[in-house]
Amino acid sequence: MNCMIKNELEIEKMRISGKLAAKVLEMIEEYVQPNTSTEELNNICHNFIKQNDAIPACLGYHGFPKSVCISVNDVVCHGIPDKNEILKIGDIVNIDVTVIKNNYYADTSKMFFVGKPSILSKRLCKVTQESLYASLNLIKPGIPLFKIGEKIENYVESNGFSVVKEYCGHGIGSSFHEEPHVLHYKNNNKIILKKGMIFTIEPMVNTGKSEVKCMKDGWTVKTKDHSLSAQYEHTILVTDYGCDILTWQQQEKILPSLNN
Ligand code: MF3
Ligand code: CO
Ligand code: CO
C-alpha cells in the first residue's frame, strides 16, 4: 500500500477541487488593478470560494489570518493581504489559492502585473513559469523525483536568476501538505514517480540572490537583498504516460494533459 497513490474516487474529487482553484485565479484577474488593496482581492477570492461550496484552506492554517496569500514585488511568499497595501502600476503580484472542496485540497498560484511591467519583471515571471512548465514536461511514471528540481534549477540559473531553497512543493490530497517534498533545486530524492501520485510544483525565483528572510509578522517572507521574486504553482496528477495539470487555467498556453 503506497500512501502517496490516490484511488479513482480521490482523483475525481481532486479534479473538482483543482478546477475550482484555477477558476479563482481566472476570476480575480480583472480586479488586480492600481489603487486596489490586497485585502480587497483577498475578500473577493474568499467570497467566490464560499459561493462555490468550498473552504479557503489558508484561513486559520497555523494561524494564517487571511484566505489567500498575496505576495507583492520582493515578497517571496506568504504575504498577508492588508487594507493598507495598495497596488500601484509596475507591481508584480502573486496570488496563492488553496481550496478545500468535498474534503480535498487543491493549491495553485500565478503572477499578475499591475499596469505595464518592467522588462526585468516580465522576464522574471516568464522564466519562473517556463521553469515550472519545463518540469511538467518531464513528468511520467518511472522518473525519479529529483529530475524536477534539477530541471527547474538549471533552467532558472541559465537565465541568470536564483531558486529559493527554503520552500518546496508537496503531496496534496485530503490534507494540505503530504509526502513527498518536491524540491526545486538539485537533490538526491530517488523516489520514483508512479501513476496516481498528486503533488504540487511551486518554484520561487529571485532576480538577485536566493536568500530570504521572514518578517516580524511571522509570515511574510522577503528576498534578503530586496530583489524581485516570482512564483507559479500547479497541482498535478501523474498519469499513465505523463501528467494532468489539475489546476490548469483556460488561458494557459500549455495543454491540461501532457503526454510524455
Ligand atoms: N499555499 C502555500 C503552499 O503552496 C501555503 C500557504 S500556507 C499559509 O504550500 F498559511 F500561508 F496560507
Ligand atoms: Co503548495
Ligand atoms: Co500554494
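Predicted model: local features only at pLDDT ≥ 70, side-chain atom pairs only at ≥ 80, totals over all residues.
Donors here are N, O and S atoms within 2.8 Å of the metal, and water is not among the atoms, so a site may look incomplete.

In sequence, the donor residues of the cobalt ion (ligand 3) follow the spacing D-x10-D-x125-E. That pattern brings together distant parts of the chain: Asp-96 sits in strand β4 (residues 92-101), while Glu-233 lies in the loop between β13 (229-231) and β14 (234-238), 137 residues apart. Both Asp-96 and Glu-233 are buried.

The protein donors of this cobalt ion are two OD atoms of Asp-96, an OD atom of Asp-107 and an OE atom of Glu-233, at 2.1 to 2.4 Å from the metal. What is the geometry of the site? The site of the cobalt ion (ligand 3) is irregular, with angles of 57 to 168° among its 6 donor atoms. For reference, six octahedral donors would ideally give angles of 90 or 180 degrees.

Now to ligand 1. Around it are 14 residues, of which Cys-58, Asp-107, His-177, Glu-202 and Glu-233 come nearest.

| Residue | Distance to an oxygen atom of ligand 1 |
|---|---|
| Asp-107 | 3.0 Å |
| His-170 | 3.1 Å |
| Glu-233 | 3.0 Å |

Taken alone, ligand 1 exposes 340 Å², and the protein buries 96% of that area.

Conventions
Residues numbered from 1 in each chain as written. Chains lettered and ligands numbered in written order. Heavy atoms only, no water. Donors = N, O, S within 2.8 Å, 3.2 Å for Na, K, Ca; no water. Tetrahedral: all angles 85-135°; square planar, octahedral: opposite > 155°, others 65-115°. Helix = DSSP H or I, 4+ residues; strand = E, 2+ residues; numbered from the N terminus. Buried < 20%, exposed > 50% of the residue type's maximum accessible area, 1.4 Å probe, protein only. Near = heavy atom within 4 Å. Polar contact = N/O pair within 3.5 Å; in protein donor to acceptor, adjacent residues only side chain to side chain. Areas by Shrake-Rupley, 256 points an atom, 1.4 Å probe, with all protein chains shown as cover.
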